[in-house]
Amino acid sequence: MMAGDDSVNPRAYPLADSNLTTNILDLVQQAVNYKQVKKGANESTKCLNRGIAEFVIMAADANPIEILLHIPLLCEDKNIPYVFVRSKQWYQRRVRGAYPLADSNLTTNILDLVQQAVNYKQVKKGANESTKCLNRGIAEFVIMAADANPIEILLHIPLLCEDKNIPYVFVRSKQALGRACGVSRAVVAATVTVNEGSQLKPQIQTIHGAIEKLLI
């Protein structure tokens, strides 16, 4: 069951971290295929009252949060686990997969910037390296390939980006991303890294703004 502004209300407790959120949303996505998910606060309440709830997931950015706060009380009364995830959009993005997807003009601008950033040694290639950059706090933004197969190898990254407040975007082609990174092989993810003295700072800020508009 999934009951649904990006700030986290302190009353949204307990709040899953990015790793647990990934695991929860993986399970929700699978449960949808088995018709084991009921969506919305009203449906979740009905499931709890009927005794058919395994657990309940709520969105910490529900506005107003008060529309959900009867559910934790009911869960405790029924001895049913419950948890909040940071954003009601995360579930939608998880289902849609490669979101947000840059259009052709933005893709050209992003890949041009990546190509320049390679010359300044401000690019890390690959999903693992991108994850490390995010955890180390050195990511400006992350680019991922929408044709990565399976796409699931990347879907922890948007959650981590949102947790760290770092912009992220998908482009259509891993081959094009690889070329921009200066390699002949496909690259499924790349991160432009922080360098305060870099001459690319103005271009990076422009791309930041363009990506953030896609996420609104």
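Helices, of at least four residues, and strands, of at least two, are DSSP runs numbered from the N terminus. The legends below use these element names for a predicted model.

**Figure 1. Overview of the predicted model.** The secondary structure consists of nine helices and seven strands. Along the principal axes, the C-alpha atoms of the protein occupy a box of roughly 60 × 35 × 30 Å. Of the 216 residues, 46% are buried. The protein exposes about 11,300 Å², and carbon and sulfur atoms supply 48% of this area. There are 24 positive and 20 negative charges, whose mean positions are 5 Å apart.

Figure 2. Strand β4 spans residues 123-125 and contains Lys-124. Lys-124 is partly exposed, at a relative accessible area of 38%. On the surface, Lys-124 gathers with Lys-125, Arg-136 and Arg-185 in a patch of positive charge. Val-123 also belongs to strand β4, but this residue counts as buried, with 15% relative accessibility. Val-123 counts as buried because its value falls under the 20% limit, whereas partly exposed residues lie between that limit and 50%. The C-alpha atoms of Val-123 and Val-142 are 9.7 Å apart in space, and the two residues are 19 positions apart in sequence.

**Figure 3. The two sides of helix α6.** Helix α6 comprises residues 127-136, and its buried residues are Ala-127, Ser-130, Thr-131, Cys-133 and Leu-134. These residues cover an arc of only 160° around the axis, which places them on the same side of α6. Asn-128 and Arg-136 are exposed on the other side of the helix.

Figure 4. Just after the helix comes Asn-79, with a positive phi of about 60°. Asn-79 lies in the loop between α3 and β3 (82-85) and is exposed, with 69% relative accessibility.

Figure 5. The side chains of Glu-43 and Lys-46 form a salt bridge, with a distance of 3.4 Å from N to O. The two residues are three residues apart in helix α2 (residues 41-50), and are therefore separated by about one helical turn. An α-helix has 3.6 residues a turn, so residues three or four places apart point the same way. Both partners count as partly exposed: Glu-43 has 26% relative accessibility, and Lys-46 has 38%. A search of the whole structure finds six salt bridges.

**Figure 6. A network of salt bridges at Lys-201.** Glu-140, Glu-196 and Lys-201 are linked in a network of salt bridges. In one of these contacts, the side chains of Lys-201 and Glu-140 meet at 2.9 Å, N to O. Lys-201 lies in helix α9 (residues 201-215) and Glu-140 in strand β5 (residues 139-145), so this pair ties together parts that are 61 residues apart in sequence. Lys-201 also forms a salt bridge with Glu-196, where the closest N and O atoms are 3.8 Å apart. Glu-140 is buried, with a relative accessible area of 5%, whereas Glu-196 is exposed, with a relative accessible area of 61%.

Figure 7. A cis peptide bond joins Tyr-13 and Pro-14, with omega of about 0°. Pro-14 lies in the loop between β1 (2-3) and α1 (18-33). The peptide bond from Asn-149 to Pro-150 is also cis, with omega near 0°, and Pro-150 lies in the loop between β5 and α7 (156-164). Asn-165 has a phi near 60°, a positive value in a residue other than glycine. Asn-165 is found in the loop between α7 and β6 (168-171) and counts as exposed, at 68% relative accessibility.

Conventions: Residues numbered from 1 in each chain as written. Predicted model: local features only at pLDDT ≥ 70, side-chain atom pairs only at ≥ 80, totals over all residues. Heavy atoms only, no water. Patch = residues over 30% accessible without salt bridge, like charges linked within 9 Å, V, L, I, M, F, W, Y side chains within 5 Å. Areas by Shrake-Rupley, 256 points an atom, 1.4 Å probe, with all protein chains shown as cover. Salt bridge = Lys/Arg side-chain N within 4 Å of Asp/Glu carboxyl O. Lys, Arg positive; Asp, Glu negative; His and termini not counted. Charge placed at Lys NZ, Arg CZ, Asp CG, Glu CD. Buried < 20%, exposed > 50% of the residue type's maximum accessible area, 1.4 Å probe, protein only. Arc of directions from axis to C-beta.
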